[in-house]
Amino acid sequence: YGNISDAVANACSTVAAFVSVFSAGFMTARKRKCAGFLSGLVAGIIYVLFALILGSVITGSFSVSAETVKMLAVSVLGSVIGGIFGVNIKKRK
């Protein structure tokens, strides 16, 4: 409903994906209390697989583009960083 360029829309979706996977990695590692890197990595991979499968079902075709690879990298990196932070931040009692 607005005049938003494709570049701004792509940037917003990248930031939203990063925040989502960061939160997933953070919460997963915080519950596990160990192996934050691995917990975050698994959360990021699950997110990417889910997004790829859902996108393939919606569009009816599966294709890997530069945008897909960028989102994979952002998702895995964000979830790993979230996992590292999640393990190292202590819960308040």
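Colleague: Which pattern does the protein follow, read along the sequence?

Modeller: The pattern is α-α-α. Helices (H or I, at least four residues) and strands (E, at least two) are DSSP runs, numbered from the N terminus. The protein's secondary structure comes to three helices and zero strands. Keep in mind that this is a predicted model, where local features need pLDDT of at least 70 and side-chain atom pairs count only at pLDDT 80 or more, while totals for chains, interfaces and linings use all residues. Residues are numbered from 1 along each chain as its sequence is written, and side-chain values use heavy atoms, with hydrogens and water left out.

Colleague: What does the C-alpha trace span along its principal axes?

Modeller: About 45 × 30 × 20 Å for this protein.

Colleague: Now the packing. At what angle do the axes of α1 and α2 cross?

Modeller: Axes are lines fitted to C-alpha atoms, for helices over the stretch in contact, and angles run from 0 to 180 degrees between N-to-C directions. Here helix α1 (residues 6–32) and helix α2 (residues 36–59) have axes that come within 8 Å and cross at roughly 135 degrees. Angles under 35 degrees count as roughly parallel, over 145 as roughly antiparallel, 65 to 115 as roughly perpendicular and the rest as oblique, so α1 and α2 are oblique to each other. On the α1 side, contact (heavy atoms within 4.5 Å) involves residues including Ala 17, Val 21 and Arg 32, and on the α2 side Gly 36, Ala 43 and Tyr 47 are among them.

Colleague: Which hand does the crossing of α1 and α2 have?

Modeller: It's right-handed. A crossing is left-handed if the near helix is turned anticlockwise from the far one by less than a right angle, and right-handed if clockwise. α1 also passes α3 in a right-handed crossing, and so does α2 with α3.

Colleague: How far apart are the axes of α1 and α3?

Modeller: They're 6 Å apart, and the two helices pack at an angle of about 35 degrees. Among the residues that meet are Phe 18, Phe 22 and Phe 26 in α1 and Met 71, Ile 81 and Phe 85 in α3. This contact divides into 11 nonpolar, nine polar and two charged residues. Ala, Val, Leu, Ile, Met, Phe, Trp, Tyr, Cys and Pro count as nonpolar, Asp, Glu, Lys and Arg as charged, and the others, Gly among them, as polar.

Colleague: Which helix gives the most to the lining of the largest pocket?

Modeller: α2 does, with seven residues. α1, α2 and α3 (66–88) each supply at least two. In total 18 residues line the largest pocket, with Ala 51, Leu 52, Ser 63, Thr 68 and Met 71 nearest its centre. On a 1 Å grid over the protein atoms alone, a pocket is an open set of points where a 1.4 Å probe fits, with protein on both sides within 12 Å along at least five of seven lines; lining residues have an atom within 4 Å of a point.
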